[in-house]
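I opened this entry to keep track of what I looked up in the model. My notes run from the whole chain down to single residues.

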Amino acid sequence: MPMNTGTDRLKILAALEKKILWLASWTIHNANHLRDNDDGVKVGGHQASSASLATIMAALYFAVLKPEDRVAVKPHASPIFHAINYLMDLQTREKLENFRGYKGAQSYPSRTKDIDDVDFSTGSVGLGVAQTLFSSLVQDYVRAHGWSGGRPEGRMVALIGDAEMDEGNIFEALLEGWKHGVRNTWWIVDYNRQSLDAVIREGLWARFEAMFRNFGWDVVILKYGSELEAAFKEPGGEKLRAWIDACPNQLYSVLTFQGGAAWRKRLLDAIGDQGAATKLIERRSDAELAKLMTNLAGHDLPSLLAAFESIDHDRPTCFIAYTIKGYGLPFAGHKDNHAGLMTTAQMETFRAGMNVRAGHEWEKFEGLDLPKTKLDAFLKQVPFFAAGRRRFGAPRIEVPAELRVPIQATMSTQAGFGNLLNELGRDQTELAARVVTTSPDVTVSTNLGAWVNRRGLFAHEAMADTFKKERIPSTFNWEFGPKGQHIELGIAEMNLFILLSALGLSHTINGERLLPIGTLYDPFIARGLDALNYACYQDARFIVVATPSGITLAPEGGAHQSIAQPLIGMAQDGLAAFEPAYVDELAVLLRFAFDYIQRDGDGEADERTWLRDQTGGSIYLRLSTRPLEQPKREMTGDMRQSIIDGAYWLRPPGPNPQIVVACCGAVAPEAVAAVGMMGEDRRDVGLLAVTSADRLNAGWTAAQRARERGLVGARSHIERLLAEVPQNCALVTVLDGHPATLGWLGSVHGHRVRALGVEHFGQTGTIADLYRHYGIDTNAIVRAAETIAPGRPIRHLRAIGQSRSADGR
Ligand SMILES: Cc1ncc(C[n+]2csc(CCOP(=O)(O)OP(=O)(O)O)c2C)c(N)n1
Ligand SMILES: [Mg+2]
């Protein structure tokens, strides 16, 4: 286009940079002002932090990025991000006026809550950064499987705070990226040398540079802007360069804050020579000197454009861009500026400097000295936005009515999971083709081995199994290649969840649906919990299969035994958690999971369960390595539905029960035995098998809410199940996990309840030892029942008690 000659383009970009800084600052100021009389909560952490990235984001969003690129924006730069989208008509004035308010533009860019085109949510620092790296891997995966759909390869870009680089998950991702030959990833570090509380250590950039190079990245250091570079070439310029090179971060910040006169005094004291260097300084007014000395490359459009546009390869690249926190604002450089806000008087001065008239603050081109038509025409052709919204969809992958699974007489749910995937792996179906598995170095021990034998490991280059070639017998024949369907990860669980987040957004990022399954050890969910939360917050879709779990993993001891995980499963939004006891239940649930992770309907609750099942979400299956005798039964439609809804009667209570036992997961045999033992001494005992405390609880809560809103007939699954149980009947609940997971069942209809479970770090021992120690064995269930539902002593319990004391235990 003729208007896009070099200088024209620079002028327009400079105007747009100014505009987004204005709009972001005004958004923040305005939102604060509106809420001054309200709850007094001020907007912090955005003003200075946003200004730091205004130039870089103007260069990227308005010039450098292409429609196929995707960006994770540093959380506190959200006002700049929203301002850019506002200019592109993708964000509304109403939402900006309500920034951080109820249903307003979000404090941190959010895929799920914002209306503008957020590629990756950010907020918990470090996670968005790693997400870009894994998204790039997923892009490679999709393309290697022949699903590019003719779309060009995109770059995954992260805008990173320099203090954000402290987050360990970034380093974990770097290492994993190196192993997988990551490409097309740009990380741009906003090197403003300030965190929230402090000015950072000297020379940090050199550590970053060495580290990135070590992991095979290209590093581009963007230090001085074009004006400073030109000044260095003037007579005396070398002295200026030497001074600024040696200037400590703290001093540079102080002088930036103090302004031109302070710069002059300090520079003349330090390098004044009554010669060329003095002249270089004296030639400039205070304002010019301040502008020159803060002309870092991160605020210099020509330097930024040259650097970004010179990259003509797909190697991962880290840009370390020197910037000033609060650039262009009155508190630029001040170490306390993280939560800095402009006073009304400062805002007025800033407004005057921007040529914005009162009452015209939201006008797109107000105060810019370029014709509106020109700016409008430029915005219409900005490449990044030219192809429309960057969110895609993908058709649903058909899921059969049933998944095949061979069930042995005695087996664990983990073994059942291995069988299910092994069977799936035999099929040449679209479902099998779209499944992608991953595991942080526990592929074999979580029973994915057979699946991987069939489907292979993903790698850019084919690589044969040398053991196989050398004819050394092994259970696992693992071939690597571009068509492989298992992504092998190192041990870091953060990487597992961020990869699942990237795989689970493939339908919207790449327009190609994947059905990701990640396996790990249940206790180590805690290690990746923030990343799991992040993945769910972005509405990524995946299945997490966690084994082994609980103290059932007896000889492994407390370090490997999960207690709180069932509660995580209940509390984690966007994640439906299940803990089946038997393999036929698991088969039903895995089938449901494949369907559920693909749903994207509206949020209306289902009249039957009061669960928002149309919206779908991710799935957590808590499995066990304990082999259990499997029930021989026909899976009826009703039972299938109940397993999915969260519970079914393994033994329905009689007409007037005194006791109902509710059990979940691997302790089913203890519960079955206890119910059998009580049969002679307590009436009509029932046994409820809970497959999902999470879904029972969610449905119950939603049904109560619905009734409070006038839908008097709303009933959830657990309410219907327990409605059969008379009020004076007592409940004993039991699981290998925290007792609070099921303890709430008593509140549903006001039954007395005794909740058994595990509250303390496990011991080593046999399963029998530990179930006894923690009080979740058959005796403990019976004892609890005897106490909570008084009646005649339970004979079997006394018999066991006697034989126990006889053998001295
Ligand atoms: C995991 C996590 N811990 C803490 C915070 C709170 N927090 C937000 S920004 C920030 C520091 C910001 O420093 P930097 O990354 O250098 O960004 P800058 O504001 O300088 O651009 C902190 C501690 C957070 N958002 N996420
Ligand atoms: Mg910083």
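**Whole chain**

I started with the secondary structure, and the chain has 35 helices and 20 strands. I note here that the model is a predicted one.

Next I looked up the overall dimensions. The C-alpha atoms fill a box of roughly 105 × 70 × 55 Å along the principal axes. For 809 residues, a compact globule would have a radius of gyration near 28 Å, and the 31 Å of the chain agrees with that.

I then turned to burial and surface. Of the 809 residues, 59% are buried. The accessible surface is about 31400 Å², and carbon and sulfur atoms hold 52% of this area.

I also looked up contacts between residues at least 6 apart in sequence; 76% of them join residues at least 24 apart. For charge, I have 87 positive and 94 negative, with mean positions 1 Å apart.

**Magnesium ion**

Which protein atoms are donors to the magnesium ion (ligand 2)? I found Asp162 (OD), Asn192 (OD1) and Gln194 (O), at 1.9 to 2.1 Å from the ion. The spacing of these donor residues in sequence is D-x29-N-x1-Q.

**Leu159**

I looked up Leu159, which sits in strand β2 (residues 156-161). Is Leu159 buried or exposed? Its relative accessible area is 2%, under the 20% cut-off, so I list Leu159 as buried.

Leaving out residues up to four places away in sequence, I find that Leu159 touches Leu53, Ile56, Met57, Leu60, Val71, Ala72, Val73, Lys74, Glu164 and Ile188. I also took one C-alpha distance: Leu159 and Lys179, 20 residues apart along the chain, are separated by 23 Å.

**Backbone exceptions**

I went through the backbone with a general point in mind: most residues other than glycine have a negative phi, and most peptide bonds are trans.

The bond joining Thr547 and Pro548 is cis, with omega about -10°. I place Pro548 in the loop between β12 (543-546) and α25 (565-571).

Asp539 has a positive phi, near 65°. This residue is in the loop between α24 (529-537) and β12. I list Asp539 as partly exposed because its relative accessibility is 34%.

Trp610 also has a positive phi, near 65°. I find Trp610 in the loop between α26 (583-596) and β14 (618-622). Trp610 has 8% relative accessibility, so I count this residue as buried.

Notes: Residues are numbered from 1 along each chain as its sequence is written. Chains are lettered from A and ligands numbered from 1 in the order in which they are written. This is a predicted model: local features need pLDDT of at least 70, side-chain atom pairs count only at pLDDT 80 or more; totals for chains, interfaces and linings use all residues. Side-chain values use heavy atoms; hydrogens and water are left out. Helices (H or I, at least four residues) and strands (E, at least two) are DSSP runs, numbered from the N terminus. The radius of gyration is taken over C-alpha atoms; the globule rule is 2.2 Å times the number of residues to the power 0.38. Buried means under 20% relative accessible area, exposed over 50%, partly exposed in between (1.4 Å probe, protein chains only). Contact means heavy atoms within 4.5 Å. Accessible areas come from the Shrake-Rupley method with a 1.4 Å probe; for residues, only the protein chains shown count as cover. Lys and Arg count as positive and Asp and Glu as negative; His and the chain ends are not counted. The place of a charge is taken as NZ of Lys, CZ of Arg, CG of Asp or CD of Glu. Donors are N, O and S atoms within 2.8 Å of the metal (3.2 Å for Na, K and Ca); water is not among the atoms, so sites may look incomplete.
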